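Hi there,

Here is the structure I promised to pass on.

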Amino acid sequence: MPTGEEGYAGASFPSSADEAYQPTDEPGSSVGKRSLLEDFEALFSDARVYYHAELAFQKTRAAFLADSLKRTIIFATAGAFFGMLATIGLAVGLIIALTPIVGAWVATALVVSLILILGGWCLWKATASWRTMMHAIRDDDHKEANHHG
């Protein structure tokens, strides 16, 4: 039977809390051997690695976005060009189709007037959208100025 500080099979137990915590000196064990300074150095090193990884990711992301923007601009320009060619073809076709009915000058005037009306309507919608956007920006600026000041 165990008695006192001895356990079964002759194992001994610590008699106080100071004896209970003993850093191990086994190979590979860092208990009691690392200092607070080493922990901060490891943290700083990890932060530096993370910073460089994040920087590389953002550079790659920016390059991808720039390439995507370039392709978008190229295809949008080509689409606008072909759309403009189609509009010219439509205008010429309408003039040719209307000429026997109302005459060449009236057909030209009707088609050009229609195009100008459509263009004016598009500019009017663009101006309204611009004003709405600028109003929203001014409201945000005023809210920030009132909130901070």
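Predicted model: local features only at pLDDT ≥ 70, side-chain atom pairs only at ≥ 80, totals over all residues.

**Aromatic pair and salt bridges**

There is one aromatic pair in the structure. Its members are Phe81 and Phe82, and because their ring centres are 5.5 Å apart with the planes at 65°, the pair is edge-to-face. (Rings of Phe, Tyr and Trp, the last by its six-membered ring, pair if their centres lie within 6.5 Å; planes under 30 degrees apart are stacked, over 60 edge-to-face, and the rest tilted.) Phe82 has 53% relative accessibility, so this residue counts as exposed; the cut-offs are under 20% relative accessible area for buried, over 50% for exposed and partly exposed in between, with a 1.4 Å probe and protein chains only.

Residues are numbered from 1 along each chain as its sequence is written, and side-chain values use heavy atoms, leaving out hydrogens and water.

The count of salt bridges is two, each being a side-chain nitrogen of Lys or Arg within 4 Å of a carboxyl oxygen of Asp or Glu. Asp67 bridges to Lys70, with the closest N and O atoms 3.8 Å apart, and also to Arg71, at 2.5 Å from N to O. Together Asp67, Lys70 and Arg71 form a network of salt bridges.

Asp67 and Lys70 lie three residues apart in helix α2 (residues 36–102), while Asp67 and Arg71 are four residues apart, about one turn of the helix. Helices here are DSSP runs (H or I, at least four residues), numbered from the N terminus. Asp67 is partly exposed at 32%, and Arg71 is partly exposed at 38%.

Best wishes

Key:
Helix = DSSP H or I, 4+ residues; strand = E, 2+ residues; numbered from the N terminus.
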